[in-house]
Amino acid sequence: MKTNLIIFTSLLILLCSCSDMVRTIFIRDDNDPNLPAYTEWGYNSFGAKYEWLYFLVHRNIIPCKITYLTYQEGRLYFFLTGILGEDAYGDYDLFYPETMTLTVSFPSEPMYEYRDLLALHGRVIDPLTLLPAECIERTGKAGMTVVPIKGHLTFRRAQLLRIDEKENRVVLSGSFDLQFLADDKPKSITDGRFDAGIHTDFYNLD
């Protein structure tokens, strides 16, 4: 009986762990609890400061999607979607806060499946020249015309995650910040960090 209980408990922990890999785990940063700590475990989390607000992952929104577009001369599109609010993750009802998507686009070698994202390991993208004209979209508002001033998107680590010796997803972890003009007004995104597990959220469009 005791042996069966141990087996059942171990199985339950494993199932919960697998389930968590496709949900958001928000570990608060020690210096700013409204931001997630920087991690490299595929927690499907991100956060940054947007002026005096916070741009954060939300538990009911898929935080990160990546699309490779062959017909646009081979560009990779990196999307972060979350909420824009005054404080912590998860304290808002989904329909109350304003949602926002940040898009960074850059030339890339061909990528046909999620495991090809391993090529991003250690890569630094300069948004000064590689951001699309409308890279920030907010709820109920037209895409802002953005003129980048300076910033970066850094893929500090790209690693292949295996569960039970089977490939499961690529974990992309890194940082970002951006100073820009939005409709001729200076704005900034700072202290950005992301930790995303990518599998079905990778798309190849010919």
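Strand 9 contributes the most to the lining of the largest cavity, with three residues. This is a predicted model, in which local features need pLDDT of at least 70, side-chain atom pairs count only at pLDDT 80 or more, and totals for chains, interfaces and linings use all residues. Residues are numbered from 1 along each chain as its sequence is written, and side-chain values use heavy atoms, with hydrogens and water left out.

Searching the whole structure gives two cavities of 30 Å³ or more. A cavity here is a set of points, on a 1 Å grid over the protein atoms alone, where a 1.4 Å probe fits but cannot get out; lining residues have an atom within 4 Å of a point. Points are joined across faces, edges and corners, and volume is the space filled by probe spheres set on them.

The largest cavity holds about 70 Å³. Phe 78, Leu 80, Leu 102, Val 104, Pro 127, Leu 131, His 152, Leu 153, Phe 176, Asp 177 and Leu 178 line this space. Two or more of the lining residues come from each of strand 4 (75-85), strand 5 (98-107), strand 8 (146-163) and strand 9 (166-182), strands being DSSP runs (E, at least two residues) numbered from the N terminus. By class, the lining comprises nine nonpolar residues, one polar and one charged; Ala, Val, Leu, Ile, Met, Phe, Trp, Tyr, Cys and Pro count as nonpolar, Asp, Glu, Lys and Arg as charged, and the others, Gly among them, as polar.

Turning to the second largest cavity, its volume is about 60 Å³. Its lining includes Ile 25, Pro 36, Tyr 38 and Arg 193. Strand 10 (185-198) and strand 1 (45-50) each supply at least two lining residues, and strand 10 gives the most, with three. Seven nonpolar, two polar and two charged residues make up this lining.

Methods: 1 Å grid on protein atoms, 1.4 Å probe; cavity = no way out; pocket = protein on both sides within 12 Å on 5 of 7 lines; lining within 4 Å. Helix = DSSP H or I, 4+ residues; strand = E, 2+ residues; numbered from the N terminus.
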